[in-house]
Amino acid sequence: MSRRDDEHSSLSDIDIRVRALESVLVEKGYVERAALDQIVEAHETRIGPHIAAQAVARAWVDPAYRAELLENATAAVAVFADQGRVGDALIAVENTPETHNVVVCTLCSCYPWDVLGLPPVWYKSAAYRSRAVKEPRKVLAELGVTIGSDTAVRVWDSTAETRYLVLPMRPAGTDGWDEQRLVSLVNRNCMIGVGLPTSVDV
């Protein structure tokens, strides 16, 4: 088996389809491969979930920044952008022991790409868009997040005009951690509300 065949065999069905589509678009002259590479590179290095993760970690250690994030998330996340505007029409909602927030887009798949990166496939699915509203606790449980009966679950519906970012609760056992170390605990799903930050062994 050649290296190319071996590389191909390790790809998922979605990866294979994306590469096939990319090849067709490039071959027909609709897009340039260099332009696609720049888009991917931008999402990996300049925009995407690392921006929101930095905002979450800063909010965990800096009460003044936390207040700013909850008051004006668009302005608050902008300090982490290397270039251009990010977080337009962004609203941050905070998880607490009393309330757990979940984000969905019931009409299509509105999502803050510039601060969370590319949306997961399930986020755009009809099943998630309908069930997250009707039975959020069940959806969360299926995704590995069990919410106690004493905690309310609030679902936020994104639109083209308003996008949401969940500020998760800081994991226990992180007292004394600096901001950069805390960033490593923040993942995309916890900022959508369907996951939790990485736990810490205490």
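Arg66 is partly exposed, with a relative accessible area of 31%; buried means under 20% relative accessible area, exposed over 50%, and partly exposed in between, for a 1.4 Å probe and protein chains only. This residue belongs to a predicted model, in which local features need pLDDT of at least 70, side-chain atom pairs count only at pLDDT 80 or more, and totals for chains, interfaces and linings use all residues. Residues are numbered from 1 along each chain as its sequence is written, and side-chain values use heavy atoms, with hydrogens and water left out.

Arg66 has a charged partner. Glu94 forms a salt bridge with Arg66, and the closest N and O atoms are 2.8 Å apart; a salt bridge is a side-chain nitrogen of Lys or Arg within 4 Å of a carboxyl oxygen of Asp or Glu. The pair links distant parts of the chain, with Glu94 in strand β1 and Arg66 in helix α5, 28 residues apart. Helices (H or I, at least four residues) and strands (E, at least two) are DSSP runs, numbered from the N terminus. Glu94 counts as partly exposed, at 25% relative accessibility. Side chains of opposite charge can pair when their charged atoms come close.

The structure holds four salt bridges. Arg131, Glu135 and Glu142 are linked in a network of them. Arg131 is partly exposed at 24% relative accessibility, and Glu135 is partly exposed with a relative accessible area of 27%.

The structure holds six aromatic pairs; rings of Phe, Tyr and Trp (its six-membered ring) pair if their centres lie within 6.5 Å, and planes under 30 degrees apart count as stacked, over 60 as edge-to-face and the rest as tilted. The ring centres of Tyr65 and Phe80 are 6.0 Å apart and the planes stand at 80 degrees, so this pair is edge-to-face. Tyr65 lies in helix α5 (residues 63–71) and Phe80 in the loop between α6 (73–78) and β1 (90–94), so the pair ties together parts that are 15 residues apart in sequence. Both Tyr65 and Phe80 are buried.

Trp122 and Tyr128 form another pair: their ring centres are 5.0 Å apart and their planes are at 75 degrees, so the pair is edge-to-face. Trp122 counts as partly exposed at 25% relative accessibility, while Tyr128 is buried with a relative accessible area of 6%. Ring pairs link Tyr111, Trp122, Tyr123 and Tyr128 into a cluster.

Two arginines also sit over rings. A charge sits over a ring if NZ of Lys or CZ of Arg is within 6 Å of the ring centre and within 35 degrees of the ring normal. The charged end of Arg58 sits over the ring of Tyr65, 5.6 Å from the centre of that ring. Arg181 lies over the face of Trp177, at 3.7 Å from the ring centre.

The cysteines come next. The structure holds zero disulfides; a disulfide is a pair of cysteine sulfur atoms within 2.5 Å. Cys105 is in no disulfide, and the nearest cysteine sulfur, that of Cys108, is 3.7 Å away. Cys105 is buried with a relative accessible area of 1%, and Cys190 is buried with a relative accessible area of 0%.

Ser158 is found in the loop between β3 (152–157) and β4 (163–167) and is buried, with a relative accessible area of 2%. Not counting residues up to four places away in sequence, Ser158 touches Val103, Val104, Cys105, Cys110, Tyr123, Arg163 and Tyr164; contact means heavy atoms within 4.5 Å.

Over the whole chain, there are eleven helices and four strands. Of the 202 residues, 36% count as buried. Among contacts between residues at least 6 apart in sequence, 65% join residues at least 24 apart.

The last topic is confidence. The mean pLDDT of the chain is 86, and 82% of its residues reach 70 or more; pLDDT is the predictor's confidence in each residue, from 0 to 100. Over residues 1–9, pLDDT stays under 50, and the model has four contacts for them beyond four places in sequence. Where pLDDT is low, the predicted coordinates should not be read in detail.
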